[in-house]
Amino acid sequence: MKITEVDPKMYQVRLEPFSETNFELAMQKYVKNGNNGEDAVTKTDFETVLGHPLMPLANAAKSIL
């Protein structure tokens, strides 16, 4: 399989007819820019946002069922 690099402007032109919100285009720019702060996240950041510690997956599944 041959991989061909696509010009970003051409990609945008071809994607726009299929996108109502252009979310896909924004995500492509985000990914292409590389480091967007992902490496600065700690294990407790998600817990801080939730306001409580995370529980093991098995416990979470039991609480739902």
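Select glutamate 20 to begin: this residue is exposed, with a relative accessible area of 81%. The model on screen is predicted. In that model, glutamate 20 lies in the loop between H1 and H2.

Colour residues 8–15 for helix H1 and residues 23–32 for helix H2. The axes of these helices are 10 Å apart, and the helices pack at an angle of about 155°. Angles over 145 degrees count as roughly antiparallel. H1 and H2 are therefore roughly antiparallel to each other. Their crossing is right-handed.

Now display the side chains where the two helices touch. Which residues of H1 meet H2? On the H1 side, select Pro8, Tyr11, Gln12 and Leu15. Their counterparts in H2 are Glu24, Leu25, Gln28 and Lys32. Sorted by class, the contact of H1 with H2 holds 4 nonpolar, 2 polar and 2 charged residues.

Followed from the N terminus, its elements run α-α-α-α. The radius of gyration of the chain is 19 Å, well over the 11 Å that the globule rule gives for 65 residues, so the chain is more spread out than a compact globule. Turn the view along the principal axes: the C-alpha trace spans about 45 × 30 × 30 Å.

As a last step, colour the chain by accessibility. Of the 65 residues in the chain, 5% are buried. Glutamate 20, where the tour began, is exposed.

Notes:
Residues numbered from 1 in each chain as written. Predicted model: local features only at pLDDT ≥ 70, side-chain atom pairs only at ≥ 80, totals over all residues. Heavy atoms only, no water. Axes fitted to C-alpha atoms, helices over the stretch in contact; angles between N-to-C directions. Helix = DSSP H or I, 4+ residues; strand = E, 2+ residues; numbered from the N terminus. Parallel < 35°, antiparallel > 145°, perpendicular 65-115°, else oblique. Left-handed = near helix turned anticlockwise from the far one by under 90°. Contact = heavy atoms within 4.5 Å. Nonpolar A, V, L, I, M, F, W, Y, C, P; charged D, E, K, R; others polar. Rg over C-alpha atoms; globule rule 2.2 N^0.38 Å. Buried < 20%, exposed > 50% of the residue type's maximum accessible area, 1.4 Å probe, protein only.
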